[in-house]
Amino acid sequence: MKIFTFPNHKSWLFGLLLTIVIGAVSSAQEDIITKVEVDTSSSNLNMDAVYNRPFLALKNTPVALGGYLEANSIYSSEDGVSEGLSFQARRLTIFMSATISNRIKFLSEMEFEDGTKEIGIEFAALDVALHPALNFRGGIIMNPIGAFNQNHDGPKWEFVERPDVAVNLLPATWSNAGFGIYGKTHKNNWILGYEMYLTNGFDNNIINNEDNKTFLPAAKNNDERFEESNNGKALFTGKIAIKNRNLGEIGFSYMGGVYNKFEEDGLILDQKRRVDVFAIDLKTTLKKTGTYIVGEVVFIKVDVPETFTQQYGTKQFGAFVDVVQPILKRNILNWKNATLNLAARLDYVDWNIGTFNETNTDIGDQLWAITPAISFRPSSQTVFRLNYRYQLQKDILNNPAAKTTAWLFGFSTYF
Amino acid sequence: MKFTFSTVLGLAVLLTLITSCEDTMVSAPNENELLDGPIEGLSTAEQIQFLSGDEAFGDVFTIEKGLGPVFVANQCASCHAGDGRGTPFVRFTRFGQPDINGNQFLDQGGPQLQHKAIPGYQPEKLPPGATFTDLIAPPVTGLGFLDAVSDADLIALSDPDDSNNDGISGRPHYNNIPDYVSLRPNSIVQGGKYISRFGKKGAAYDLLHQTSGAYNQDMGITSLFEPHDPYSGLEEDPEVSTQTVNDLVFYLKTLKAPLRRNENDPDVLAGEQIFTQLQCVSCHTATLTTGYSPIAVLSNKTFHPYTDLLLHDMGPALNDDYTEGFAETAEWKTPPLWGIGLSKDAQGGNYFLMHDGRALSLEAAIILHGGEAQQSKTNYTQLSNTEQQQLIVFLESL
């Protein structure tokens, strides 16, 4: 994931941050560190995920530190051809938060993916609480489209891979420079939350990329989006979430704006072309069985020039659903309330909905995947995961699907 | 520690999954069900170059990498999915040459219509009065074998004056060649022209000629060999390196020949007999032999492409009043039939056959034959249903 790069200072920055984190933790005495646990109260919404993480706070200071690490092994095969066994250091993410003054706080999230291959600031925002129903946020923010984008921490999920809809249809983690407001209100068992932001946005790469498909994640290659807008038009992202403490949470979100560079130096380059994204996310726990269900549905509409190739689709759809069933929760090897889960994920992505102009036959470019999983949580902050992924992917012509299978074993843990 | 039933069940599932890891991996399709893959026996160095060429074949051209600004497709694999035949989705149009006196519309964008454009540009439109033909791309497997057949062998197969009175008069396509191609060993020249053999009209001399032209006319990519941008007409810096072009040509040369399936099936064997009886083999020659090639696995090999690489008059139904080089408008180079049974796997599950994909089945393709193939087509229509089906099953086995 490439959000914001430090091409000449990667190693330096990485070392500095590690020193800060490790140094702070190792040198601190227990009596000067406070462990801030995750808030598990039922009043939280998905939008609270960025702050609702475990932190280590230094007593008498306004600063708290945290983060997570995830790594795994993978053995995969596509149509009988395997690249063998690989080990992946997927992410090291470091959070730093600070309460600056009364009702003013700051949080940042920096991520190192695949070692130091990609370094990014995923979130760095100032929050000003004017009222529970009205807060101001500005800086580098995560656009609240769907649920996964804001709630993506590895230790929260039973699967090594992120959902396809979140990484191969939407960009994950998709953050931009911008400003906006958010708030929450509640009555009895009901909680209502909203978020609205204006940020920099997408660019021509979403229909001009080496993935050879309309691909919103390609916009993440534009490092300059933290510096200036591609076209001078803001991207709007808004979300409304409703939660019933007994039933669960549902969110409706929209993100849209002009994506292309239509003008430069006063000269018209193209007409304005929009990208519009609609998402619904759902999260619930069945009380009777303890079954946890989370999912997301996304529909994308992109204005692609008619004279460009149909390789780049104008409509896209994707969805995923995770079903997690705890099958054992007890003390194991002195881990209190250790949990063993069985889980399954279904992924579906269609990058190009429609028919070919020339033949009126269906355009392909689809992916299906099912991932059964076993996860073990010695504590709520650490998860060991064993996943098996079976994937079918069709090319644009709807030729026989490429079959991919993969075994993945790994862990993800807050620290 | 007390284990519950569900715990034991979970652990059992876990152990089962782990111990059966190999069994859960997808097995490879049979080699004869795929068009892609290298010829067996390449040296290690040749395999390395094959892989480089494979990468170039799949390379997606973006605007930044030089795509267009007018183009037909943005990667080789768009027109040759799985190294197979193209589809009407990437059908392309050539225009402007009504006879053997050359293309009259080169100054208006000919010979190929780039009907797509990057944002902000307008694609080409067919000039009024230009004759044209629509084309879909051929499969690219086994091309190295076809490239290595000697000129003398092609001349031996030809019968331009129909001296044996069988109604079939194939001739090699003697054409002008670009200065960047290297002549084959023992090339035969006639009036300053050389025998060309690639492309629907057989107008491209060799795979470098074909590949450089495809980069340029299909994707708008300039190279050392074809340096003029099809939009501006101006000479530009190469947008693809010479090494990449050479690797891609090597890849095309060393893709394996399609392998037969069910060749010993009784219906297939019966269909093969019918194929011979109908004189289909007079043009779709079953067996050819390569001459010398610097690539050892291509040198002096016998192979079965079902083509004679010659031009034949295919009659008025297939005459689009457009031509290339010195072929007549009704003349088409005999397309190889090997791999035709796998066409659907590259064409989205449907057949799109003949030069423009107009035939949606093997039967329809046969019926479209005319001209020198008229008698064979007539004989086919007089076969019983069983015999017709046996012929189709044979073709599907190729």
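The model is predicted: local features need pLDDT of at least 70, side-chain atom pairs count only at pLDDT 80 or more, and totals for chains, interfaces and linings use all residues. Residues are numbered from 1 along each chain as its sequence is written, while chains are lettered from A and ligands numbered from 1 in the order in which they are written. The predictor gives the complex an ipTM of 0.87 and a pTM of 0.89. Chain B has a mean pLDDT of 93, with 94% of its residues at 70 or more.

Chain B meets chain A through 38 of its residues, which are in contact with 40 residues of chain A. Contact requires C-beta atoms, placed from the backbone, within 7 Å. On the chain B side, helix 1 (5-19) and strand 4 (116-117) each supply at least two residues. Helix 1 of chain B gives the most, with five. By class, this side has 18 nonpolar, 17 polar and three charged residues. Ala, Val, Leu, Ile, Met, Phe, Trp, Tyr, Cys and Pro count as nonpolar, Asp, Glu, Lys and Arg as charged, and the others, Gly among them, as polar. Where pLDDT is low, the predicted coordinates should not be read in detail.

The largest nonpolar core has 99 residues. Such a core is a set of buried Ala, Val, Leu, Ile, Met, Phe, Trp, Tyr and Cys residues joined through C-beta atoms within 7 Å; buried means 20 or more other C-beta atoms within 10 Å of a residue's own. Those with the most contacts inside this core include Val90(B), Leu248(B) and Leu395(B). Its largest share, six residues, comes from helix 7 (residues 242-254) of chain B. Beyond its neighbours within four places in sequence, Leu395(B) touches Leu337(B), Ile340(B), Gly341(B) and Leu362(B). A second, separate core of 46 residues includes Val165(A) and Ile300(A).

In chain A, strand 4 (residues 81-101) pairs with strand 5 (residues 104-113) in the antiparallel sense over ten bridges. Pairing requires at least two DSSP bridges. Arg91(A) stands opposite Glu113(A). Strand 5 of chain A also pairs antiparallel with strand 6 (residues 118-131) of chain A, over ten bridges. Met110(A) has Ile121(A) as its bridge partner there.

Methods. Helices (H or I, at least four residues) and strands (E, at least two) are DSSP runs, numbered from the N terminus. A residue is buried if 20 or more other C-beta atoms lie within 10 Å of its own, exposed if 12 or fewer, and partly exposed in between; C-beta atoms are placed from the backbone. Two residues are in contact if their C-beta atoms, placed from the backbone, lie within 7 Å. pLDDT is the predictor's confidence in each residue, from 0 to 100.
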